[in-house]
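Subject: Handing over a structure, with notes

Dear colleague,

Please read them with the structure open beside you.

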Amino acid sequence: MCGNNMSAPLPAIVPAARKATAAVIFLHGLGDTGHGWAEAFAGIRTPHVKYICPHAPLMPVTLNMKMTMPSWFDIIGLSPDAEEDESGIKQAAENIKSLIDQEVKNGIPAHRIILGGFSQGGALSLYTALTSQQKLAGVVALSCWLPLRGSFPQGATGSANKDTQILQCHGEADMLVPLVFGCLTVEKLKSFLNPANVHFKTYPGMQHGSCPQEMMDIKQFIEKQLPPIS
């Protein structure tokens, strides 16, 4: 890992119950760490899958009065037309691609890896997959948006993931990243990816967080995209 992530501690990992033949790399939201999501995945684990929940580096976040907190990139505003931290997003994506490369070196091919995340982490997982030459097994994008959306579809020209399955989930009562962000993201993705591969699930009453039904939907998606190798 290069760049900012040198300062971040080692990821929280839920090891596979038997030999790992697949992996899920999942990126937490702004101000959080990977530990909570590692616990959540431990509750829905699949025996041959390793779950890797890295921690974002600490940085000042413009949205939060420049307070220093774990963040994958700077967030300047939350409105659809807010300025975006283009260089920070691109650097963060390179760091995640390095993490994927590391797992490939460890013996798990990219097509047996699902990349996912929540909120800011979900946004980064979408951007990373759509700009990556590593063919992934799928993307899980929770309560999030597509960063630098104006750079697509051109930004995905060299991507290996134009036919990759995407599970996008959003709470219908989300006040922080409103449901309309999720809807607009799905529309945008379907405009340049195979619409049949973009799956959008919403959850009544769910705010900016998770719920048991969503976790079950994620578990089913992981099991479908990462079946056991006999």
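Predicted model: local features only at pLDDT ≥ 70, side-chain atom pairs only at ≥ 80, totals over all residues.

**The nonpolar cores**

Of the 42 residues in the largest nonpolar core, the ones that touch the most other members are Ile-25, Leu-124, Leu-126, Trp-145 and Leu-189. The elements that contribute two or more residues to this core are E2, H2, E6, H3, E7 and H4, where helices (H or I, at least four residues) and strands (E, at least two) are DSSP runs numbered from the N terminus. A nonpolar core here is a set of buried Ala, Val, Leu, Ile, Met, Phe, Trp, Tyr and Cys residues joined through side-chain atoms within 4.5 Å, and buried means under 20% relative accessible area, with exposed being over 50% and partly exposed in between (1.4 Å probe, protein chains only).

Residues are numbered from 1 along each chain as its sequence is written, and side-chain values use heavy atoms, with hydrogens and water left out.

To return to Ile-25, this residue touches Ile-52, Pro-54, Leu-99, Ile-100, Glu-103, Ile-113, Ile-114, Leu-115 and Gly-116, if residues up to four places away in sequence are not counted; contact means heavy atoms within 4.5 Å.

How many of the residues of H3 are buried? The count is 11 of the 11, so H3 is largely enclosed by the rest of the structure. The buried residues include Leu-124 and Leu-126, together with Gln-120, Ser-125 and Thr-128. What covers them includes strand E2 (22-27), H2, strand E6 (113-118), strand E7 (138-142), strand E8 (166-171) and helix H4 (179-192).

Helix H2 (residues 86-105) packs against helix H3 (residues 120-130) at an angle of about 75 degrees, and their axes are 9 Å apart. Axes are lines fitted to C-alpha atoms, for helices over the stretch in contact, and angles run from 0 to 180 degrees between N-to-C directions. The two helices H2 and H3 are therefore roughly perpendicular to each other (angles under 35 degrees count as roughly parallel, over 145 as roughly antiparallel, 65 to 115 as roughly perpendicular and the rest as oblique). On the H2 side, Ile-89, Lys-90, Ala-92, Ala-93, Ile-96 and Lys-97 meet Leu-124, Tyr-127 and Thr-128 of H3. The residues of this contact of H2 with H3 divide into 6 nonpolar, 1 polar and 2 charged.

**Salt bridges**

Searching the whole structure gives 4 salt bridges, a salt bridge being a side-chain nitrogen of Lys or Arg within 4 Å of a carboxyl oxygen of Asp or Glu. In one of them, the side chains of Glu-103 and Lys-50 meet at 3.1 Å, N to O. Glu-103 belongs to helix H2 and Lys-50 to strand E3 (residues 49-53), so this pair ties together parts that are 53 residues apart in sequence. Glu-103 counts as buried at 5% relative accessibility, and Lys-50 is buried as well, with a relative accessible area of 17%.

Another salt bridge joins Glu-86 to Lys-90, with the closest N and O atoms 2.7 Å apart. Both residues, Glu-86 and Lys-90, lie in helix H2, 4 residues apart, which is about one turn of the helix. Glu-86 is partly exposed, with a relative accessible area of 42%, and Lys-90 counts as partly exposed at 39%.

**Two loop residues**

Ala-17 has its place in the loop between strand E1 (12-14) and E2, and is exposed, with a relative accessible area of 60%. Leaving aside neighbours within four places in sequence, Ala-17 is in contact with Arg-45 and Pro-47. Ser-210 lies in the loop between strand E9 (198-203) and H5, and counts as partly exposed at 36% relative accessibility. Not counting residues up to four places away in sequence, Ser-210 touches Trp-37 and Met-215.

With best wishes

Terms used:
Nonpolar A, V, L, I, M, F, W, Y, C, P; charged D, E, K, R; others polar.
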